[in-house]
Amino acid sequence: MRMGSTTRRDDLPRAGSRGPRESTGAVLRAILDHGPIARSSVARAARLSAASVSGIVGSLVERGLVREVPEAAGPPGVGRPHVPVDIDPETVAVVGAHISVSRVTVALLDLRGRVLAQRQEPHVSRRPADVLGSVPAHVAGLRRDHGRGRAVLGLGLATGGWVDAARGVVVEHPLLGWRAVPAGAVLAEATGLPVRLDTNSRALLKAEQLFGGAARQARGSAVHLFVGNVVDVAFATGGAVHQGPRSAAGAVAHLPVEGCAEPCACGRAGCLQAAVSERTLVRRALAEGLIREPEFRALVDAAERGSGPALALLRERARLVGRAVALLLDLFDPEVLVVAERGADRLPDCLATVRAEAAARSSAGQAAAACVRSTSFGGAVLPTAGGAIALDQVYAAPLA
Ligand SMILES: [Zn+2]
């Protein structure tokens with residue numbers, strides 16, 4: 001406690017009033033949530049005065065982020081405040097990129113987070129220069145073939161491992177063998193676009209908050225669990241996705257899970273990532289003769305076609321994922337917990353298994369497990385992750 005000097009009111013941050021940047025973001029999000037919507041109603045939804053909303057909407061229309069909806073306009077004589085406005089899905093776009101252990105995905109997304117077109121390419125090598133070097137040609141190709149003259153506002157890159165979003169650096173991605181890779185600066189230089197990066201789960205949680213099926217809950221308190229070849233977690237409270245002072249929040253790859261003996265690259269056994277990673281499942285499915293190509297998709301396809309052993313393998317994984325989910329429910333007690341896992345995305349049986357295991361193992365039981373849902377972006381998880389990082393920036397500061 002400080003002695004001898006009293007804290008004065010002017011020393012403290014002011015409460016309540018929003019700056020112009022926050023107001024603009026609030027208006028764009030209100031239009032995203034409620035559009036088509038009259039300007040007068042935007043003012044109520046964004047809790048701003050009609051006069052300031054009118055000015056902001058004008059700027060958003062000018063930038064091609066918002067458009068008037070003529071067909072829904074009222075009869076002649078009705079004033080402009082009643083002409084509905086909506087998100088403009090045709091004038092601007094963002095690039096979403098994703099780097100997985102085996103391939104790079106690059107996509108063009110509109111302002112509603114919809115994937116307009118995407119390209120995927122397996123890595124020729126895992127060297128950062130080769131992997132990152134392949135991205136600009138895809139960006140150029142997508143803009144040429146599918147851009148239709150849209151202005152591209154930015155590029156978001158999602159990947160696994162430890163990502164320092166503030167510095168734009170992949171601090172460590174053990175499965176790729178990357179350390180201290182300044183991916184943000186490299187891609188900004190090569191594409192000329194503003195670039196931001198983040199982990200899979202933080203990116204996808206932002207996507208859930210903007211466009212997801214439980215966006216309202218995700219803007220309150222939420223947890224996101226991503227399970228691919230890498231496993232990571234993100235959580236949000238009060239709508240803000242937590243990064244942590246070292247940008248390391250959500251690194252659960254080596255969380256020990258009960259009932260698993262799979263050896264991990266870290267030297268221990270029973271780590272979550274080693275147990276549930278797609279590579280582990282593919283290896284086992286190949287050994288059991290369930291699939292012919294080393295692709296996780298082939299295993300889910302086989303289960304969907306009714307292969308009992310394929311479904312059993314995916315259910316076993318879902319049980320392990322459910323144990324991790326139980327722990328996350330107990331830690332955070334969120335309004336919603338979203339799982340992005342390709343088994344649970346496509347097979348209702350697997351999602352039910354995750355929920356049942358979570359209910360059986362978490363302290364709050366069934367009540368807590370009821371908030372567990374599958375990703376809102378099934379089939380487009382990877383391009384959406386990258387795109388959401390760029391779109392989160394657009395919706396936070398639309399005129400920046
Ligand atoms: Zn480990």
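Helix axes here are lines fitted to C-alpha atoms over the stretch in contact, and angles run from 0 to 180 degrees between N-to-C directions. Keep that in mind for the helix pairs. One caution first: this is a predicted model.

Start with helix α1, residues 20-34, and its partner α16. Their axes come within 7 Å and cross at roughly 115°. Angles of 65 to 115 degrees count as roughly perpendicular, so α1 is roughly perpendicular to α16. Who makes the contact? On the α1 side we have Arg21, Gly25, Leu28, Arg29 and Leu32. On the α16 side we have Val394, Tyr395 and Ala396. By class, that contact has five nonpolar, one polar and two charged residues.

Now the second pair. Helix α7, residues 200-211, packs on α16, residues 381-396. The angle is about 65°, with the axes 8 Å apart. Again, that makes α7 roughly perpendicular to α16. The crossing is left-handed. From α7, the contact uses Ala203, Leu204, Lys206, Ala207, Leu210 and Phe211. From α16, it uses Val381, Thr384, Ala385, Ala388, Ile389, Leu391, Asp392 and Tyr395. The class count for α7 with α16 is 11 nonpolar, one polar and two charged. Note Tyr395: this residue is listed in the contact with α1 and in the contact with α7.

Stay on α16 for a moment. Gln393 is in this helix. Is Gln393 buried, exposed or partly exposed? Its relative accessibility is 29%, so Gln393 counts as partly exposed. Its C-alpha atom is 21 Å from that of Ala117, a residue 276 places away along the chain.

Back to α7, and to Ser201, which lies in that helix. Ser201 has 0% relative accessibility, so it counts as buried. Leaving out residues up to four places away in sequence, Ser201 touches His224, Leu225, Phe226, Asp232, Val233 and Ala234.

Asp110 sits in the loop between β5, residues 103-109, and β6, residues 115-122. Buried means under 20% relative accessible area. Asp110 has 2%, so it is buried. What does its side chain sit beside? A polar atom of the Asp110 side chain lies 2.8 Å from the backbone nitrogen of Arg112. Further along the sequence, beyond four places, Asp110 touches Pro89, Val92, Leu116, Arg150 and Leu391. Leu391 takes us back to α16, where it is part of the contact with α7.

On to helix α5, residues 135-146, and Pro136 within it. Pro136 and Thr191 are 55 residues apart along the chain, yet their C-alpha atoms are separated by 5.7 Å. Pro136 touches Thr191, and Ala190 too, not counting residues up to four places away in sequence.

Last, the backbone. A cis peptide bond joins Gly35 and Pro36, with omega about -5°. Pro36 is in the loop between α1 and β1, residues 37-38.

Which residues have a positive phi without being glycine? Arg148 is one, at about 45°. Asp333 is another, at about 40°. Arg148 is in the loop between α5 and β7, residues 151-159. Asp333 is in the loop between α12, residues 308-332, and β15, residues 336-341. Exposed means over 50% relative accessible area. Arg148 has 80%, so it is exposed. Asp333 has 59%, so it counts as exposed as well.

How values were computed: Residues numbered from 1 in each chain as written. Predicted model: local features only at pLDDT ≥ 70, side-chain atom pairs only at ≥ 80, totals over all residues. Heavy atoms only, no water. Helix = DSSP H or I, 4+ residues; strand = E, 2+ residues; numbered from the N terminus. Buried < 20%, exposed > 50% of the residue type's maximum accessible area, 1.4 Å probe, protein only. Polar contact = N/O pair within 3.5 Å; in protein donor to acceptor, adjacent residues only side chain to side chain. Contact = heavy atoms within 4.5 Å. Parallel < 35°, antiparallel > 145°, perpendicular 65-115°, else oblique. Left-handed = near helix turned anticlockwise from the far one by under 90°. Nonpolar A, V, L, I, M, F, W, Y, C, P; charged D, E, K, R; others polar.
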